[in-house]
There are 2 protein chains.
Amino acid sequence: MAEVDETPLSVRKAQDFAQWYLEVIDRAGLIDKRYPIKGMKVWTGYGWKVIRLMDDLIRAHLDADSHQEVNFPLLIPQTEFAKEADHIKGFGSEVYWVTRAGDNDLDVPLLLRPTSETAMYPMFSLWVRSHADLPLRTYQLVNTFRYETKATRTFIREREIHFFEAHTCHADFEDAEAQVRSDLQIMETFAEQLALPYRVSRRPEWDKFAGADYSLAVDAYLPSGRTLQVGSIHQYRENFSRPYNIAYETADGARAFVHQTTYGMSERLLGAIVGLHGDDRGLVLPPLVAPIQVVMVPIFRKHNREEIVGKARALIDGPLASARLRGQPLRIHLDDRDIRPGPKFFEWELKGVPLRVEVGPRDLDNRTVLAVRRSDGAKQPLQLSHLAEEVVAQLMTVHTQLLEAAAAVRAKDEHHLAVLPSKGADFVGIATAHWCGAQPCALRVEELVEGSVLGARVEQTGSSTTPTDVHPPSGATCVSCGGAATKVVSVARTY
Amino acid sequence: MAEVDETPLSVRKAQDFAQWYLEVIDRAGLIDKRYPIKGMKVWTGYGWKVIRLMDDLIRAHLDADSHQEVNFPLLIPQTEFAKEADHIKGFGSEVYWVTRAGDNDLDVPLLLRPTSETAMYPMFSLWVRSHADLPLRTYQLVNTFRYETKATRTFIREREIHFFEAHTCHADFEDAEAQVRSDLQIMETFAEQLALPYRVSRRPEWDKFAGADYSLAVDAYLPSGRTLQVGSIHQYRENFSRPYNIAYETADGARAFVHQTTYGMSERLLGAIVGLHGDDRGLVLPPLVAPIQVVMVPIFRKHNREEIVGKARALIDGPLASARLRGQPLRIHLDDRDIRPGPKFFEWELKGVPLRVEVGPRDLDNRTVLAVRRSDGAKQPLQLSHLAEEVVAQLMTVHTQLLEAAAAVRAKDEHHLAVLPSKGADFVGIATAHWCGAQPCALRVEELVEGSVLGARVEQTGSSTTPTDVHPPSGATCVSCGGAATKVVSVARTY
């Protein structure tokens, strides 16, 4: 039996976030980055299970929103890729090219999808014929490829990326806008499941997705003091449907181009989870995506090992078998290895298991077990008579604590940028600023802050209304030029 | 609302199997083959759901056999690929090469995995240190790529392939053999779930997997008169562990190379399902992998549409909600479109839905609904008082009928090849033949039959014994040279 390596993490999170981040990922065993291609990694069983749980949550949301899960080829002919001018400008310098197969040079080089617009839209052109075919709502969960020339960083900047992408076609702009609203609603629910607070910004014109009419970006704030874009929702209007000829016959016989939207997210979500919730003892996984939600550790000595392990197993097969966390059975692991409890505690804390349940003879005599929450380390005896409810309640407490702690980290670093910092001054956090809307002013902010104008802050104001840009108070002036402000923008250093 | 195209299939299955096969796939809407790269296709929502259901069945089997689902990069450096000489000889001429990224030529070309030995084994070399790390059991479900130069055929010969691959490492040959036995057991259960009869053959030396010590192939027999290899299980011994240096410290401190096995299956399984079970009205899906297991068609007129649709929905939400087919809730679709029942029947038969349930006013008055099995078209009134049990029983009848019909097709065409046919004679079916073991004799059989020697027939003789080659009766002589026979081989034309 492999021994547990009880060496603590070499740095503290508050001390060196960047190094802590990589070390936690490595020590928790989510991936193995020793694969011999930079920016491409191996998902271990543990890490891949987190991804699959996240994928299943996404699927449930999209299926409920009448999307079909499809699967398109990885390879895209250069000729199709080149049809939308802005798109190829945006992605052309970072795609991988297949130029040979077997012993042949290919007549038309094929690229590995960086995203699937140019794979899907020639087919959408065949699929959409009449207004009865609309709306068309599809999504896929696939691997995508970007030849990053900057330094790679696990989950955050990779060359092979686990990717979710929804693509929809609509009869008109208004119906496409309704899809954008649905996507924002899905984002809200999904982010809550991941215990992930975020901000939505309308990206500035020069920073929107290649080919989009507008881009809403979903940014999480990490304790490093930087934001991480974890998702995006794009309105394409007719920007792709015209070059790809996705048109339909309207009810009165006319011909019209569809309006399109996309919604994308990636394994960056996991990067945010690691960075937000982890601590100096390791990973902390939100219960809904934890491969193991509860680790049960029997506390035994030689003479009573069999008895205590048996009683622990009986709890799992008995009362806990019917426990449900938001409708799903619990994922419980019984660690019955014949080693001391200390190393077990160490290992499962490192791997971020949300709840540990210790089953010892004295507790059992008192008709209790001892629960230890990963989020705050609090210990709590649970009554065997209400074990299922109490375990579920503890998991929900962990979930809530994670969400609140992450929001508190962000709140601490949120501020208003009333005057421009001097060049080279320290800038931490996520700021709001008033802006006149002119690009030179935004670029000056970016230069002095050494960060990015994330864009106009967008707020959701309920279930069915269109999210709107937050307006500056009357009389507000641009932080850069002093002219009349038209937007409230978010400003931050970014990944 | 899109109209139903009620054109019947243009050919009958018995008349032109090859064309029927492609037409059924197209009309049932499993895929769209109009993607602009040959041998790469688009999975529609319907087809991808079948694949996902098959994947879930595979996952359950492998997880129960202590495998971890992992996910390795798609791209493999040429330098790693070249380490096992036979392997590169076997695959070198059919791989896709990435030679450029962005504007750069790559120093080391990268290939798209045709299979993942050469991606995984450099990592296994890092993962396996001591006997405590063994056995190592992993699998993944991924897309693989082969540059086929022969004509492509949907699901059967593709250039992008949905693929399952399990890779294991063991302390010694015997433990690896135990894994081969487990894999054969899994194959047996899984094939039963797909209603898929098959034969296992030990491939001849010259036809085994590139790098394997031996290869067991799983062949299905299609009504075209040819076999289709749908899976394979390979014993590698130390053939890969030596070049990739996958070694461990034994309990007594010595160093030893691991013994490895793999188990692979692909979307060919779906090709076999289509070819075996389909009929002149379209696809027939085995219930356990049907995206829609039961389509409920309310039979209404204008005046009672709302009432009948409401009653049908009440059956789905009421008694059928608790129905379970082998432990899983049913996948039921209510077709409440305002069109005549005829086109609905046509469409769902084309798409292979195993059971149709008609809900009409007269049936309801009799406290029944009418079930129609896709497998044999039999109509049967089901009692509302026992609806869940009776629907499940009908689905199991469909399942059994499919399995038996497929086995009967094969049995009809099974024969013993006592004498070699003359060159150019017609050969149909799957034959046994006695063989001396010499390659020239096998090649002569292959030439005259215009088919393949699939290899020594292997029979499973129970749950825990090693599957063994079937031995010829004493005194049997080689069908080719007349010398003493040592093996009973299967002979067939193949895909």
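Let me start with helix H2 of chain A, residues 45–64, in what is a predicted model. Helices here are DSSP runs of H or I with at least four residues, strands are runs of E with at least two, and both are numbered from the N terminus. The expected span of a helix is 1.5 Å times one less than its number of residues.

Which residues of H2(A) are buried? They are A:Gly47, A:Trp48, A:Lys49, A:Val50, A:Met54, A:Ile58, A:His61 and A:Leu62. Buried means 20 or more other C-beta atoms within 10 Å of the residue's own; exposed means 12 or fewer, partly exposed is in between, and C-beta atoms are placed from the backbone. After H2(A) comes A:Ser66, with a positive phi near 65°.

A word on conventions and confidence. Residues are numbered from 1 along each chain as its sequence is written, and chains are lettered from A and ligands numbered from 1 in the order in which they are written. Local features need pLDDT of at least 70 and side-chain atom pairs count only at pLDDT 80 or more, while totals for chains, interfaces and linings use all residues. pLDDT is the predictor's confidence in each residue, from 0 to 100. Chain A averages 95, with 98% of the residues at 70 or above. For the complex, the predictor gives an ipTM of 0.96 and a pTM of 0.97.

Now the interface. Contact means C-beta atoms, placed from the backbone, within 7 Å. By that criterion, 44 residues of chain B are in contact with 44 residues of chain A. On the chain B side, the largest share, six residues, comes from strand S5(B). That side divides into 26 nonpolar, nine polar and nine charged residues. Nonpolar covers Ala, Val, Leu, Ile, Met, Phe, Trp, Tyr, Cys and Pro; charged covers Asp, Glu, Lys and Arg; the others, Gly among them, are polar.

Strand S5 of chain A, residues 96–101, pairs with S5(B) in the antiparallel sense over five bridges; pairing requires at least two DSSP bridges. In S5(B), B:Val98 is the bridge partner of A:Val98.

Last, the loop between strands S25 and S26 of chain B, where B:Gly482 sits. Is B:Gly482 buried or exposed? B:Gly482 counts as exposed because it has 10 C-beta neighbours inside 10 Å. Its C-alpha atom is separated by 9.9 Å from that of B:Val419, 63 residues apart along the chain.

Conventions:
Two residues are in contact if their C-beta atoms, placed from the backbone, lie within 7 Å.
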